Amino acid sequence: MIRTLLVVPGEAELRGGEELIARWRERPDSHLWIDLQGESLADERAFLEGFGFHPLAIDDVHRERHPPKIEEFEDNTLILYRGISSFDAELRYEPQRIAFLLGERLLISLHPGLALSIDRLMSQDAGALLARSPAFVALRVMYASAGYYLDGLLAFETELSDLEDALVENGNDELMRRLIGYRSRLVKMRRLYNYHLGITQEITAYDYAHLPRGNEETLHAINDVHERFERLHSLTQMYYDICGDLIDGHLSLSSHRLNETMRVLTVITAIFVPLTFIAGIYGMNFSHMPELDYRYGYFIVMGAMLTIGVGLLWWFRRVKWL
């Protein structure tokens, strides 16, 4: 699917398909946004080559699992970005690979499937942003996409708080599995946000031709995107640390409970070891054991065993082992 948005000064914005490209070429003062969704690689390559984009830029657009990056070419700037197609409070999310080819009067966005931020912007104030500069559209898409990430993370904060309460009240293996799963997803998200944070830092530090820092409004938009991804990165790191603390706390509590159990078992063993020793001695089948012929030998041995058992029990209670 190819969607186009054309803005010509003094005229109403036009939306349509490829037919608007010819009109854009005729009006050097116009701005054009072309959004390609779900097109085949061959069609995308032919389309981009028709605009004269650098072959390396086209290769980067189509390279699988390419990390987010920004690179400047002679007539355009390439931005590879990870948008979002879905996100929930369980940190289950579907990233959407988005490529921006940004020129002075042109913006081309490419993505294989649904991109929430692009669809939202297309249906709202894309025309006003495009009239100012194609760069504003790309930056607003990134800003809106980061907003979806932020909404999901803030929803997860409530889920994490409930999980923390449940773990303290009645920790179990199921809760631990959920925590470990969250921690694993947070690691992946932190890596993704770190890529995007690097892009915004590079845009802020280096004056790209199509993202000029000298323009106050452009710089403000860049800073907005940078601050949002900085917040996402810090939130992800904080939630990762909280999950790690909860896991360590649960393991420490489980270890403490195990130590309590082992201490009780040790006390029981310590009481019965001397009694078992005495019983073992008088259980030997020797013919000449003088105590066996003594009339009150049984009662004396039982009394001695009872005294030892009670004495050890009293001692363990005194030292607060029981």
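**Figure 1. Confidence of the predicted model.** The protein has an average pLDDT of 81, and 98% of its residues score at least 70; pLDDT is the predictor's confidence in each residue, from 0 to 100. Confidence is lowest in strand β5 (residues 77-87), with a mean of 77, and highest in strand β3 (residues 31-37), at 87. Helices (H or I, at least four residues) and strands (E, at least two) are DSSP runs, numbered from the N terminus. Because the model is predicted, local features need pLDDT of at least 70 and side-chain atom pairs count only at pLDDT 80 or more, while totals for chains, interfaces and linings use all residues. Residues are numbered from 1 along each chain as its sequence is written, and side-chain values use heavy atoms, with hydrogens and water left out.

Figure 2. F100 is buried, with a relative accessible area of 0% (buried, under 20% relative accessible area; exposed, over 50%; partly exposed in between; 1.4 Å probe, protein chains only). Neighbours within four places in sequence being left aside, the contacts of F100 are T77, L78, I79, Y81, L107, I108, S109, A138, V141 and M142 (contact, heavy atoms within 4.5 Å). Of these, Y81 is 19 residues from F100 in sequence, with a C-alpha to C-alpha separation of 7.8 Å.

**Figure 3. The two sides of helix α2 (residues 41-50)**. E44, F47 and L48 are the buried residues of α2. They span an arc of only 95° around the axis and therefore lie on the same side of α2 (arc of the directions from the helix axis to the C-beta atoms). A42 and G50 are exposed on the other side. The buried residues pack against β1 (2-7), α1 (19-26), β3, α3 (55-62), β6 and β7 (106-111). G52, which follows α2, has a positive phi, near 80°.

**Figure 4. Packing of helix α8 (residues 216-281) with helix α7 (residues 173-205)**. The helices pack at an angle of about 155°, their axes 8 Å apart (axes, lines fitted to C-alpha atoms, for helices over the stretch in contact; angles, from 0 to 180 degrees between N-to-C directions). α7 is therefore roughly antiparallel to α8 (under 35 degrees, roughly parallel; over 145, roughly antiparallel; 65 to 115, roughly perpendicular; the rest, oblique). The crossing of α7 and α8 is left-handed (left-handed if the near helix is turned anticlockwise from the far one by less than a right angle, right-handed if clockwise).

**Figure 5. Packing of α8 with helix α9 (residues 297-318)**. The angle between α8 and α9 is about 160°, and their axes are 10 Å apart. α8 is therefore roughly antiparallel to α9. V267, A270, I271, P274, L275 and I278 of α8 meet V301, M305, I308, G309, L312, L313 and F316 of α9.
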